Amino acid sequence: MAWIVLVFSGLLETAWAIALDRSAGFSRPLPSLVFAVTLALSMGGLAYALRDIPVGTGYAVWVGIGAVGTAVVGMVALHESASLPRIACLLLVITGVVGLKFFH
């Protein structure tokens, strides 16, 4: 169960990062609210998962999921660069996250 919560919390990290960008420095109320709620849920889920998963592994997996998710949303929905080197780097992050889970 801890791993499922951790993955979901990593996805929520993507949500709060995108909401933070869309909040325009907290000047837009709805994205600011989405940011606050998803941040709290993401951190709460991370805290829950860390009861059973070592902090080094859990935090790295959480950050990896959030970073890759945010970069993918940026490329797909926000028209950020989707160059081959960027995609290769994201694959390296994914490989590291899977490795941490596998060697846990």
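Predicted model: local features only at pLDDT ≥ 70, side-chain atom pairs only at ≥ 80, totals over all residues.
Q: In what order do the elements of the protein run from the N terminus on?
A: Start with the counts: the protein has four helices and zero strands. Reading from the N terminus, the order is then α-α-α-α.

Q: Why does the protein count as being as compact as a globular protein of its length?
A: Take the 104 residues and apply the globule rule, which gives 13 Å. The protein comes out close to that, so it is as compact as a globular protein of that length, with a radius of gyration of 14 Å.

Q: What share of the contacts with a separation of 6 or more comes from residues 24 or more positions apart?
A: Contact here means heavy atoms within 4.5 Å. Among the contacts in the protein with a separation of 6 or more, residues 24 or more positions apart account for 65%.

Q: Which side chain of opposite charge is nearest to Glu 13, and how far away is it?
A: Glu 13 sits in helix H1, residues 2–22, and is buried. Beyond its neighbours within four places in sequence, Glu 13 touches Ser 42, Trp 62, Val 63, Gly 66 and Thr 70. A salt bridge would need a Lys or Arg side-chain nitrogen within 4 Å of a carboxyl oxygen, and Glu 13 has none. The nearest side chain of opposite charge is Arg 86, at 14 Å.

Key
Residues numbered from 1 in each chain as written. Heavy atoms only, no water. Helix = DSSP H or I, 4+ residues; strand = E, 2+ residues; numbered from the N terminus. Rg over C-alpha atoms; globule rule 2.2 N^0.38 Å. Buried < 20%, exposed > 50% of the residue type's maximum accessible area, 1.4 Å probe, protein only. Lys, Arg positive; Asp, Glu negative; His and termini not counted.
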